[in-house]
Amino acid sequence: MDRPQPRTRLRRLHRPRIQGTGRNRLRLGHPRTRRPLSQPNSPPALKPQTFSKGTTMSNVAVIGLGIMGLPMAINLVKAGHTVTGFNRSQDKIDKLVSEGGKGATSIADAVKDADVVITMVPDSPDVEGVVSGPEGVFANAKKGTIWIDASSIRPDVAKRLSEEATAAGIRPLDAPVSGGEQGAIDAVLSIMVGGEAADFEAAQPVLTAVGKTIVHVGPAGSGQTVKAANQLIVAVNIQVLGEAIAFLEAYGVDTDAALKVLGGGLAGSKVLDQKGQKMLDRNFDPGFRLALHHKDLGIVTSAAREANVAVPLGAVVAQLVAATVNQGDGGLDHSGLFKQVLQLSGRK
């Protein structure tokens, strides 16, 4: 009859080997894997800031409660976060408060106790304005605070501000979003994130409260580069959708039926699903304003030129968007680019 092995032999097999004596002992690691273990005399590693257990972070500040920022802030409240908002117009702050959030009297007031700060403002100078200076995020947020910039700005500016944030003890992520107002309301935004992988992981409880497709795309500035590519694709799609609808209407086709069948084939897209009916109804209430898309296409064409990349279709659409904005339609939804197609076609 076989006897079981003595327990001492099993223990000895897995016991780390030790060299030296007293304070000079050096743990070499597991005898099989040789994985290094911590050395007693080495300084402790700095640990990233941690948050409460589960998916709830204590405090989130949202700077910019516009078309996108306000529904994002409301969804953060719904997810269980304590949300403090600041906006230049008081009515947006009041709306957040009515949904269970808190209002702040200044940027400094909003971020002073925050674990995470989200900025959602229109352009590169606006982001610089809210993060810099004695009243800005960098000067007033706690060390170790995660800063998520959900704005769409120039990649080079995002990278520079990331360096400034790090120097101030802030952990930066550039995380522009796609999905428009409805995506923000439904908390299904696509979020492309640039920055340190550890900071991206730490920010998951906040990001998952506002988005559905959330991807770390590289180091600082990468999120803004991907967003620029997104805006190029969307703009070209909106333009060609408008051309297709003008073409269908000119031939008296049942446009509702036409878009239904086109949406089920290779021509189908989210742009068709979300913007086709707006064009048919001539309803251009803003979900994402043409003026902002005009700004984004300026980022695309400039960055493409710097990288020696040809974007001929993008350049043409950028000019069409610029013309629409210059005619006074910058406040319309970007599906309002359809008006330019109708005008060029001599149709109302």
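Strand β9 (residues 177-178) pairs with β10 in the antiparallel sense over 2 bridges, where strands are DSSP runs of E of at least two residues, numbered from the N terminus, and pairing requires at least two DSSP bridges between them. The model is predicted, so local features need pLDDT of at least 70 and side-chain atom pairs pLDDT 80 or more, whereas totals for chains, interfaces and linings use all residues. Residues are numbered from 1 along each chain as its sequence is written, and side-chain values use heavy atoms, without hydrogens and water.

- Strand β10 (residues 189-195) is largely enclosed by the rest of the structure, because 6 of its 7 residues are buried (under 20% relative accessible area, 1.4 Å probe, protein chains only).
- V177 stands opposite I191 in β10.
- Strand β8 (residues 171-174) runs antiparallel to β10, joined by 2 bridges, and D174 stands opposite G194 in β10.
- Strand β11 (residues 211-218) pairs with β10 in the parallel sense over 6 bridges, with S190 opposite T213 in β11.

**Nonpolar cores**
- The largest nonpolar core has 58 residues, and L76, V111, I118, W147, I148 and I191 have the most contacts inside it; such a core is a set of buried Ala, Val, Leu, Ile, Met, Phe, Trp, Tyr and Cys residues joined through side-chain atoms within 4.5 Å.
- Apart from it lies another core of 23 residues, among them I238, F284, V317 and V341.

**Burial of F138 and W147**
- F138 counts as buried at 12% relative accessibility, and W147 counts as buried at 4%.

Note on methods
Buried < 20%, exposed > 50% of the residue type's maximum accessible area, 1.4 Å probe, protein only. Helix = DSSP H or I, 4+ residues; strand = E, 2+ residues; numbered from the N terminus.
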